[in-house]
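Subject: Handover of a structure and its findings

Dear colleague,

Please find the structure below, passed to you for your own work. The findings follow directly after it.

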Amino acid sequence: MTQITGTLINYYFHCKTQCWLHANRINLEDNSEDVRIGKILHELADQKGKKTEISIDNVKIDKLTKDYLIEVKKSDSAPEAVKWQVLLYLYKLKQKGVLKKGKIEFIEKKKQSKKIHYIELDEENEKELMEVLARISELIDAPKPPEAKFENHCKKCAYYEYCFI
Ligand code: SF4
């Protein structure tokens, strides 16, 4: 079974075509402005010695504190996708014997403020997460991607040209 990363679970809730394409290594991420900005911000943090990202197995976690796993997002446009991403990270940590709660910080670009959401990997969430992971595995093991359907968010997607031009 393909290892399911935070990016894959996020894409699954964003767009199932995107999830399949990324999982099957059709990667056009370099064309995406959002991804480029994210990479530059990480590189700048590295240069300043402020690297806080932590890698565990195949997932990258923004910050870990005594009580929380913290995921930082620059927009709250896909809260459901981020919720499952964080639940996956909490699950991976739990498998290593590390129990944390999740904290999601949405940094508003223009508003100088941030929205914070808290989440826990309780029994119900964990059961649902297992079902989500099984559905993702089934999707990405399919021989071809689901047909692309145009949505407003497509114009910002790295696969826009691939899907529609
Ligand atoms: S362009 Fe739209 S349909 Fe195609 S992968 Fe991106 S989000 Fe999905």
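This is a predicted model: local features need pLDDT of at least 70, side-chain atom pairs count only at pLDDT 80 or more; totals for chains, interfaces and linings use all residues.

K149 is exposed, because its relative accessible area of 64% is over the 50% cut-off. This lysine is placed in the loop between α5 and α6, and K149 is also one of the residues around the ligand.

The ligand site

Which residues are around the ligand? They are C15, Q18, A148, K149, H153, C154, C157, Y159, Y160, C163 and F164. By class, this shell divides into eight nonpolar residues, two polar ones and one charged one. Helix α6, which spans residues 160–164, provides the largest share of the shell, namely three residues. As to its location, the ligand sits in the largest cavity.

How many disulfides does the model contain? The count comes to zero. A disulfide is a covalent bond between the sulfur atoms of two cysteines.

Overall architecture

The protein chain has six helices and six strands. Along the sequence these elements follow the pattern α-α-α-β-β-β-β-α-β-β-α-α. Of the 165 residues in the protein chain, buried residues make up 35%.

In soluble globular proteins, nonpolar side chains tend to be buried together. The largest nonpolar core in this model comprises 30 residues, and the members that touch the most other members are I9, C19, L129 and I136. The elements that contribute two or more residues to this core are α1 (6–14), α2 (16–23), β2 (59–61), α4 (79–95), β5 (101–107) and α5 (123–140). Helix α4 gives the largest share of this core, nine residues.

Y89 is found in helix α4. Its relative accessible area is 4%, so Y89 is buried. The C-alpha atoms of Y89 and I56 are separated by 8.8 Å, while the residues are 33 residues apart along the chain.

L139 lies in helix α5. With a relative accessible area of 15%, which is under the 20% cut-off, L139 is therefore buried. L139 and C19 are 120 residues apart in sequence, yet 8.3 Å apart in space from C-alpha to C-alpha. C19 is also one of the core members named above.

Two residues in loops

Where is R25 found? R25 is in the loop between α2 and α3 (33–47). Its relative accessible area is 73%, so R25 is exposed. R25 also has a positive phi of about 60°, although it is not a glycine. Most residues other than glycine have a negative phi, and most peptide bonds are trans.

A142 lies in the loop between α5 and α6, where K149 is also placed. Is A142 buried, exposed or partly exposed? Its relative accessibility is 27%, so A142 counts as partly exposed. A142 and N24 are 118 residues apart in sequence and 9.9 Å apart in space, C-alpha to C-alpha.

With kind regards

Technical notes:
Residues are numbered from 1 along each chain as its sequence is written. Side-chain values use heavy atoms; hydrogens and water are left out. A disulfide is a pair of cysteine sulfur atoms within 2.5 Å. A residue is near a molecule or strand if one of its heavy atoms lies within 4 Å of it. On a 1 Å grid over the protein atoms alone, a cavity is a set of points where a 1.4 Å probe fits but cannot get out, and a pocket is an open set with protein on both sides within 12 Å along at least five of seven lines; lining residues have an atom within 4 Å of a point. A molecule sits in a cavity or pocket if more than half of its atoms lie within 2 Å of its grid points. Helices (H or I, at least four residues) and strands (E, at least two) are DSSP runs, numbered from the N terminus. Ala, Val, Leu, Ile, Met, Phe, Trp, Tyr, Cys and Pro count as nonpolar, Asp, Glu, Lys and Arg as charged, and the others, Gly among them, as polar. A nonpolar core is a set of buried Ala, Val, Leu, Ile, Met, Phe, Trp, Tyr and Cys residues joined through side-chain atoms within 4.5 Å. Buried means under 20% relative accessible area, exposed over 50%, partly exposed in between (1.4 Å probe, protein chains only).
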